[in-house]
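Thank you for making time this morning.

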Amino acid sequence: QTVRDCLEEAMDFEGLTRVLTRIHGGELHLVARDTPEPSAFAHEILNAKPYAFLDDAPLEERRTQAVQTRMAPDQAGSEMGILDANAIARVRDEVRPDPRDADELHDALLTAGFLASVEIPISTSELIDEKRATWAALRSSNPEPRIPNPGAILVAAERLPELLTVHPDVMLSPPIAAPPARAARTWTRENAIVELLRGRLSIVGPTTASDLGASLAITETDANAALLTLESEGAVLRGRFESRIPPVHRSSESVDGNPESRPLEWCDRRLLARIHRYTLNRLRAEVAPVSAADFMRFLFAWQHVEPSSRLRGVDGLREVIAQLDGVEAPARAWERDVLSARVDQYDASMLDLLCLTGAVAWARLSSGPTQVVGATPIALFLREHTDTWLALAGRQAPPYTSEAQSDVDDVGRRFTRRLFTHLETHGASFANEMASACNLTDEELRGAIAELVACGAISSDGFEGLRAIVGTVPNRGTSRLNRASASGRWFLVRKPTERSEREMAVETLAWTLLRRYGVIFRRLLTREALDVPWRELARVYRRLEARGEIRGGRFVTGMSGEQFALPDAVERLREVRRSAHDDRLITISAADPLNLTGIIAGEERIRASAANRIVYRNGVPVAAMEGDLLRTFGDLEPELAADAAAAAAGRRVPVISGFVGRL
């Protein structure tokens, strides 16, 4: 099982087999290219992700320690995010030369190429007396007066040939000669600049071409040419790494604000990998993981179930539906239990308004029994994501369509196919139009529509039609759908368009899950109906973390595997961890998407039925009402057990002075 999970969940072994088979068969032609940095497709191989070995260290800990391969932001549309300023300062401090004697200073000069006087913390007299180094007075050849002259720099005798090639008329004080072995080599000006800047970049961190040119008294054009050569060798990367250019490295062209207005920066690849690692480590270390109970407390506030965090009005309802985008819940539970638990003074007209204006749609996404009852799973989703959820649902064709090739001798099924054919040929229609065109009675019309809804084939403009089918029309008792119902037009649920490529659909799902839970990890997929493996979502999350758009780390204890979070959710988790328990009892329907009992909190699963209710106290399930049977979890005090029973039965239990009271 472990090997299977590694090959099929962590890795796509079947996909690899197909690619290798096509290569062996000559279907794929391999082309090699030299690039400044490894292809994005090679990053997982270079960092052994997923890891090609087994040990006792958790996967996420090994990945945290891995050297990150960072794409240059300008090549990725400036989407990688700004590096942490403290990480940049730390790396600059680590690589800054700090010689203690003449020998260490000489080694630093050989590595860095040259050093300015302000960068040398010790006396240089010993090196100069031994003619192992000398001061060179450079004068800028840049015609632009705003680039200052660098003044005198200290250069080792071994690096004189490169400097003299760049500045033949440089004044040396005192005059010295290079060692014969070094002096015998012939340099071109371009190669000499490349070697001097290669050493310079190893000690300065992210910097600009103009600053590099000024340090060597060459033009920015010459510096850029050398940097492009180094980039082609894979030695440096370009991008916009800092939100602000530090004054010591800032040119007069630096402009804060818009990423495109900031000057392009260059950084030694090795230093950039270290800065990136420090950035991720700092971000991950900022968050102390919370317990599963605190995470449930966070979810009650994040999903607006906690009374103090509930939303109001149509805008609040739209935000709730956006958070629950694509979730399937029993048809009868949506308004009675799910939406009313999150929106104060919820009214059915709010949902109708969102549906009729085209902001929200509903349909069944999963497959299952075709008889619509209150327990039939129905999804509410933003209409703009219709193609995404249909593409990921992978539904089977209804049995009465030409694609299914099924027997339709059943009388009710013939009515259903007749109605389906009418909608297919005439488009969206009102109930009275369908009844007349198909010659159906009210009961036959209701049965045919119910079956089409149950298999996910049709939907309607508003939510009124679904209410009429399941008998939950407000203030109308057990009203049923008929040809006079004000249910709006009924239409076929379209097939996903070509735009709904799986990669785009998976990324949309990844963002939706983040907005739903704030923190996402593999175990939370247990309640999700869409069959998308964690490995596909994890690829998206790792890319978003590398861009700096989300955070990765350990946010909830006891949950194995990688965890990712929205920045706002990280702040809210901190608040929850610091806040004291209020002992409030929170009751939700077992059909609510927040029924994570047995997944996050508690040990026993509670069936996701609209007839069941669960009572939580401080994020821990304490009781559940399953039909007429009350179950309690753990050793509850008699008074708390009575209060939990009242809450599970739907009676309000107030909180007075921090203690739970019983009505």
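Predicted model: local features only at pLDDT ≥ 70, side-chain atom pairs only at ≥ 80, totals over all residues.

Let us start with alanine 361, whose bridge partner in strand 12 is phenylalanine 381. That pair belongs to the pairing of strand 11, residues 360-363, with strand 12, which is antiparallel and runs over 4 bridges; two strands are said to pair if DSSP finds at least two bridges between them. When I say helix or strand, I mean a DSSP run, numbered from the N terminus, with helices being H or I of at least four residues and strands being E of at least two.

Residues are numbered from 1 along each chain as its sequence is written, and side-chain values use heavy atoms, with hydrogens and water left out.

Strand 12, residues 377-382, also has strand 9, residues 328-330, joined to it by 3 bridges, again in the antiparallel sense. Here the bridge partner of alanine 329 is isoleucine 378 in strand 12. Is strand 12 mostly covered or mostly exposed? It is mostly covered, since 5 of its 6 residues are buried, where buried means under 20% relative accessible area, exposed means over 50%, and partly exposed lies in between, computed with a 1.4 Å probe on protein chains only. For the protein chain, buried residues make up 50% of the 663 residues.

Next, please move along to strand 20, residues 620-626, which is mostly covered as well, with 5 of its 7 residues buried. Strand 19, residues 612-617, pairs with strand 20 in the antiparallel sense over 6 bridges, and one of the partner pairs is isoleucine 614 with alanine 624. These two strands form a hairpin with 2 residues between them, and asparagine 618 in the turn has a positive phi of about 55 degrees. Strand 20 is also joined by 4 bridges to strand 21, residues 629-632, which runs antiparallel to it, and there alanine 623 has threonine 632 as its bridge partner. Strand 20 and strand 21 likewise form a hairpin with 2 residues between them, and glycine 627 in that turn has a positive phi of about 65 degrees.

Staying in this region, leucine 636 is found in the loop between strand 21 and helix 26, which covers 638-648. Why does leucine 636 count as partly exposed? Because its relative accessibility is 22%. Leaving aside neighbours within four places in sequence, leucine 636 is in contact with Val622 and Ala641, where contact means heavy atoms within 4.5 Å. Leucine 636 and alanine 623 are 13 residues apart in sequence, and 9.4 Å apart in space from C-alpha to C-alpha.

Strand 16 is joined to strand 17, residues 563-565, by 3 bridges, and arginine 551 has alanine 565 as its bridge partner in strand 17.

Finally, let us turn to the helices. The axes of helix 14, residues 292-302, and helix 23, residues 502-517, come within 8 Å and cross at roughly 100 degrees; axes here are lines fitted to C-alpha atoms, for helices over the stretch in contact, and angles run from 0 to 180 degrees between N-to-C directions. That makes helix 14 roughly perpendicular to helix 23, because angles of 65 to 115 degrees count as roughly perpendicular, under 35 as roughly parallel, over 145 as roughly antiparallel, and the rest as oblique. Phe295, Phe298, Leu299 and Trp302 in helix 14 meet Leu514, Arg515, Arg516 and Tyr517 in helix 23.

A second pair, helix 11 (residues 209-216) and helix 12 (residues 220-232), packs at an angle of about 110 degrees with the axes 8 Å apart, which means that helix 11 is roughly perpendicular to helix 12. Ala209, Ser210, Leu212 and Gly213 in helix 11 meet Glu220, Ala223, Asn224 and Leu227 in helix 12.
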